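Please find below a short note prepared for a student reader. The structure is displayed first, and the numbered points come after it.

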Amino acid sequence: MSRLLRMLTDLALARGVLRARHPPPEPEDHADPTRYDAGAPAWAELALVVLLLLCGACFAAFAVLLALAGDTQLLGATAGGGLALLAAALVLAGLRVAPRETAVEPREDAPEPEETAEDERLLGAVADGVSRRRLILGAAGIAGTGAILAAAAPVTALGPSARVLDESPWRRGVVLVDEEDAPVLADDLEVGAFITAFPRGADKRELGSPVVVVRVRPDELELPAARRTWAPEGLLAYSKICTHAGCAVSLFRYPTYEPGSSPPALACPCHYSTFDVRRAAAVVVGPAGRPLPQLPLAIDAQRQLVAGGPLSGSVGPAWWGTRRS
Amino acid sequence: MRHRLMLTVALACAGLALWTFAAQAQQGEQQHRPAAPPAGDAATRGQALFAESCASCHGTDARGVASRGPSLRGVGAASIDFYLRTGRMPLSRPGIEPQRAKPVYSRAQIDDLIAYLTGLDGRGPAIPRVNPAAGDIELGRQLFTDSCSGCHQIVAQGGIAPGLVAPPLDNSTPTEIGEAIRVGPYLMPRFGERQLDAHDVDSIARYVNEVGQHPPNAGGWGIGNVGPIPEGMVAWLLAGTALLLVARVIGERAS
Amino acid sequence: MTPTDPVAFVDDRLRTSRPLKAVLRYVFPDHWSFLLGEMALYSFVVLVVTGTFLALFFDAGTSEVVWHGPYAPLDGAQVTTSYASALDLSFKVPGGLLFRQTHHWAALLFVVAITLHLLRVVYTAAFRKPRELNYLVGVLMLGLALLEGYAGYSLIDDLLSGMGLAIGWSVSMSIPLLGGAISTLIWDGPYPGGEAFLPRLFIVHVFIVPAVLAGLIGLHLAMIVRQHHTQFRGPGRREHNVVGSPMWPGYALRSLGWLAATSAVLVLLGGLVQINPIWQWGPYQPWLGENGAQPDWYLGWLIGALRLMPGFDVTAFGRTLVPNPFFGGLLFPTVVFGLLFTFPWLDRVAFTRDRAKHHLLERPRDNPRRTGFITAVVVWVATVFAFGASDRIFLALQISYDLQLWLFRALFFVAPVVAYVIARRWAEGLRRSGAHPLRGVQADVVLPPRQPADARVGSDAARREG
């Protein structure tokens, strides 16, 4: 423990950087590691021939099978088998058949100080006889910054403004439809059911479009006062796009018998953010930072579900400036 | 020091294994099969069975007992059949998650219990007739992806969420699939006829039968059909170890 | 000189004899752990070869078509051209599924190899002067490999990778201040993106990143050749020499064999073990989600971090300042890569403490504090990684998800400290005893018999023991 503390303090104070320490002394053996073994044993040479022939056969089989549009497993087995045999042949050749040699080579390591100084002098020759160095360097800096900005500027052509992220197609009176564009009727859903719905006529792939409609018992609802009328007959609608990281909230749990079980909730399968449907999708578990935006619902004369207004907040994952819904 | 470390690790593993066993045993606890019922019609026999094993949690009149079990009046034959034939009921104690187990009751006994309970209150979904062959597999894939895969995984290998385990569907018969859709057992949502009609249920059952229970593994060994985790394990434990061994053959060891 | 003598033919025109001799006699140390970098290189070769084949058939685009083919659940389904062309590769092109699967296995193995190679480099302190630059190039390549793999499997627009792209988008959105602008730029509009998104991702994946990677690999190899590879201590091995096999014939043959072995494993897996069965996942739509969706293994640390983070956005006055995905998706990888990039200098201050050049490697036991620190960081990342993957296992053990969350949050802080202590003690113990870490064989240090009159022999022996 004290050693750990010492390490942390050393790090913090950057001790040891300036202390010149020598590397540990090298071992003092005088063994000569070079060797040269030539001459392959007979078995190795024969084995090499066999391996190469088998390898050729495998590759030929692969070529034939591919021409006949053979099944993936056979194709993989023949091609892979051929490669494995080739590998064995090459390794055998390298380890046993070709001469085995251990050699020593010197490292050219130390730079020549005179050569380094010479290079520095050559590079510096550009400024020989130049008097207004600082002025030129300053102007070059301005040109360089300009160049970087010019190089980066075309990138802004690549996309629209970030304001589009706040839009959604839901308005008062828009009818909810299912994936086949059939209107969702209030009587289609039993208590404990869930269905994915979209605004009629809108692009389904737009992030604000998909909502998940669930039905709970009306007496179970615990919505805030301002939203009392948003859930007729216990029907609730929330944006289906998780406010954590954008996955579809595709899990709905509704208990048959609540004691000893879990309350009704929508959950996201990606990181398990869980939203309590009776309490305006408040986050109960998981990393989501805000509840799912709620869509106010109404039931029209034909018993179709319609939106009572826009979504209560920004759809999907937050970004700088998002309103908390 | 190394021996002590290994001993600790071994003990930890043993402890973990024991814990798993205990947990599984608790869940799999079954009452012994009830004795042969007395003579009488189905409802009477059912009442006797009910009184013996179910009344302690569901009440002698099947109206439920607070904090132990719900009322069974009006739940429908589909619900009773589903829970009993899959062995999810009777539970060894209230409050644990019902899981598929060996059924306690025989087919005849289940019919008797259904007769008794539906006699008390005949509401609720009847046992559906499910015919997978009449279903459309492409529709089944779409419906299963939309409504089921969020819990049960895309090829019905099962999944989890806070508070629940959605089981894999390898052992589910078409009738059980139809019953579960209508009943919404335990934490599962419920889908009535107006949301998913008989053809939809047939299609979903066909998808589960053909794809979920026999996943189409054109690429070879399916390694569980649950995606990148087993794939990563194969990359490390199969490919990685095989190649490390080959590297040891090709290269030298430090002298 | 005759026309059938190729060496003389080339030499006569290009004067290659001296460089060729340098190449043929170039000495490469032989330790097996030096092959791990080559495993990565050869995985890259397989990726390029199989990827070229795939690129000739793949059609990246978001316009919808009706797919028809031998897989009934998707026959007649409306899907994007990306997904449809990937299905065609899997079901209609001869050998297409083999190439697709080999390509994906190669991507997984590529990162496995880089990880093993990185561990070897840091545990043996190969990154010390004069190799800091080469080490930085390597870490940069690791980062590019992760992005390249993510881009590759996301091109197909299937349900699994589509969910992953949504998460990537939300992480990009969480970049402070600029997140919204950067995301709409990359995705060509709001999520799920405009028409140009998948084609641009395609160009990034098949051209831009592979070209950069190839250049960096060339630079990496050039620097190794210039400096010669490091080596372990041993008979005759010094700081100023290299002992090993000459390039030709021994090293080249064994290295080609290593290429063939890596390819063999990848092709065998590609044919026999299924990976990414996109027909089972189905096409992606933003309103669909399935349980058990995971990224490829090398991004598992990020899904773990995203799940582990407690649920809050940093807000002020009713507006979001820092969205939640920032912490797990950006901050955590920045810290880890920050550690990786600065490690040579961190090491110099804390562990190596000298400014000399080092060409001889240290074994992990030779510097227990460095070994402990590296192990602590590895265990730290592995803990987060495990949480991302272990939810099913723990539920099978009847541990509730809530309990798992708190357990792993505690481990996040405790596990690296424990790992440091254990690794450091183990290294110190090995250094004292001289045992082999796995076989546990006690290697006695055999000293010459002590001559009573020769005090110098005694002090040499004492130094060797210490």
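1. Conventions. This is a predicted model, in which local features need pLDDT of at least 70 and side-chain atom pairs count only at pLDDT 80 or more, while totals for chains, interfaces and linings use all residues. Residues are numbered from 1 along each chain as its sequence is written, chains are lettered from A and ligands numbered from 1 in the order in which they are written, and side-chain values use heavy atoms, with hydrogens and water left out.

2. Chain A. This chain holds 5 helices and 13 strands; both are DSSP runs numbered from the N terminus, helices being H or I with at least four residues and strands E with at least two. Of its 325 residues, 45% count as buried, where buried means under 20% relative accessible area, exposed over 50%, and partly exposed in between (1.4 Å probe, protein chains only). Contact means heavy atoms within 4.5 Å. Among contacts in chain A between residues at least 6 apart in sequence, 55% join residues at least 24 apart.

3. Chains C and A. The size of an interface is often given as the accessible area lost when the parts come together. Chain C and chain A bury about 8,500 Å² between them, with 61% of it on carbon and sulfur atoms; this buried area is the accessible area (1.4 Å probe) that two parts lose on being put together, summed over both. The contact draws 102 residues from chain C and 95 residues from chain A.

4. Glu101(A) and Arg25(C) meet through their side chains in a salt bridge, at 2.7 Å from N to O.

5. Ser170(C). Is this residue buried or exposed? Ser170(C) is buried, because its relative accessible area is 0%. It lies in helix H7 (residues 159–173) of chain C. Leaving aside residues up to four places away in sequence, Ser170(C) touches His244(A), Ala245(A), Pro317(A) and Pro325(C).

6. Asp188(A). This residue is in the loop between strand S3 (176–177) and strand S4 (194–199) of chain A. Its relative accessibility is 15%, so Asp188(A) counts as buried. The side chains of Asp188(A) and Arg194(B) are joined by a polar contact of 3.4 Å.

7. Aromatic rings. Rings of Phe, Tyr and Trp (its six-membered ring) pair if their centres lie within 6.5 Å; planes under 30 degrees apart count as stacked, over 60 as edge-to-face and the rest as tilted. The count comes to 38 aromatic pairs over all chains. The ring centres of Tyr150(C) and Tyr153(C) are 5.9 Å apart and their planes stand at 85°, so this pair is edge-to-face. Both residues lie in helix H6 (residues 132–154) of chain C, 3 residues apart, about one turn of the helix, and both are buried.

Definitions and conventions: A polar contact is a pair of N or O atoms within 3.5 Å; within protein, one must be able to donate a hydrogen and the other to accept it, and residues adjacent in sequence count only if both atoms are side-chain atoms. A salt bridge is a side-chain nitrogen of Lys or Arg within 4 Å of a carboxyl oxygen of Asp or Glu.
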